Amino acid sequence: MKAVVVESFGGPEVLQVRDVPDLVPAHDQVLIRLHATGVNPVDTYIRSGAYGRLPETPYTPGFDGSGVIQACGSSVRGLTRGLRVYVSGSLTGTYAEACLCSPTQIHTLPRQATFEAGACMGIAYATASYALFHRVKVRRGQTVLIHGATGGVGIAALQLAKRAGLKAFCTYGTETGRLLLIQQGADAVFDHHESGYEDRILAATEGLGVQLILEMLANTNLGRDLPMLATGGIVCVIGSRGPVQIQPRELMVRDSEIRGVLLANASQGVLAQIHGDFFSGLGDGSIKPVVRRTFTLEQAADAHELQMMRGSAGKLLLVHG
Ligand code: NAP
């Protein structure tokens, strides 16, 4: 089978497609023939060697994917050959035509959902859900600011927020992003590159502030987020690429909080709830991932280049045959 193999950490060019031996599941593993693979920012951090936990090289990247179960190990129960599934993590990497998974990494894909949709769920949607409903318990009618709403996590958060009856304020960086957010049902949109956008957001709440901010670029925005919070409001830090200075007094005067969010910390019980909810949402169409562009395995380096450029508008995927 074909797989992307990284021999040593480096730029996108280290993503090389190789012919590797076919995978055989152990007694407690499942073999999945992949049709689509989700590309995520974390794949690029790991590939470049700039991430806290790095795999041993050589390795095959990728956490997200979707496809069909091809074989189950002898002790696997409840999963059968031919089932359409998506995965949230794997044992062998998803930038490949097939992968091995533990049963807990596998989630049934409803027949109404495409493989492309399935490949978006594992990191982006699960992170948005973990932040909105587990790290914070949002309530219907509250206002959430999705700061960086045009990317994988942002679009997921917008769809999940609207589905939960929240008011969703969203930020974008390009005109394409602005139009996408409006089409996705954002209640108000703001340009995160325009000076003074914080004042416009505050004005849109009649000066009261927002109850929750989902922050995708805390190193740039955290200091400016705090004055936009309502009393008792919370900033969830989902993405950050460096240090930042804040004025703690802005927290004190509002009884407000900054909370970290790391999907890897979610328990198996929480993940089971999250993916159970996705089964309903993918089935009834209330969760509909937006795919910006698809690539082949051979084009994985191009996908990584685009992933780290400004101007997001949904997810990037690798598709296989
Ligand atoms: P993505 O698809 O690349 O999207 C990046 C988002 O950041 C886009 O919406 C982009 O908007 C926005 N952005 C760029 N400049 C910004 C600014 N100055 N202010 C606010 N937003 C800005 O990435 P993703 O998959 O959505 O992930 C978002 C971040 O969360 C990444 O840093 C990722 O590593 C992190 N993440 C963390 C977890 C976790 O468990 N904590 C899980 C998944 C992802 P424009 O392109 O429109 O400017």
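Helix H9 (residues 268-284) has 17 residues, which at 1.5 Å a residue should span 24 Å, and its end C-alpha atoms are 25 Å apart, which agrees; the expected span is 1.5 Å times one less than the number of residues. Helices (H or I, at least four residues) and strands (E, at least two) are DSSP runs, numbered from the N terminus. The model is predicted: local features need pLDDT of at least 70, side-chain atom pairs count only at pLDDT 80 or more, and totals for chains, interfaces and linings use all residues. Residues are numbered from 1 along each chain as its sequence is written, and side-chain values use heavy atoms, without hydrogens and water.

**Helix H9**
- Val270, Ile274, His275, Phe278, Gly281 and Leu282 are the buried residues of H9 (buried: under 20% relative accessible area; exposed: over 50%; partly exposed in between; 1.4 Å probe, protein chains only).
- These residues lie on the same side of H9 because they cover an arc of only 120 degrees around the axis, taken from the directions from the helix axis to the C-beta atoms.
- The face turned away from the buried side carries the exposed residues Ala272, Gln273 and Asp284.
- The cover over the buried residues includes strands E5 (84-88) and E7 (106-108) and helices H2 (115-118), H3 (121-135) and H4 (152-163), with contact meaning heavy atoms within 4.5 Å.

**Backbone features in loops**
- The Thr57 to Pro58 peptide bond is cis, with omega near -5 degrees; Pro58 is in the loop between helix H1 (41-48) and strand E4 (64-72).
- Glu206, a residue other than glycine, has a positive phi near 55 degrees and lies between helix H6 (197-204) and strand E11 (210-215).
- Glu206 counts as exposed because its relative accessibility is 72%.
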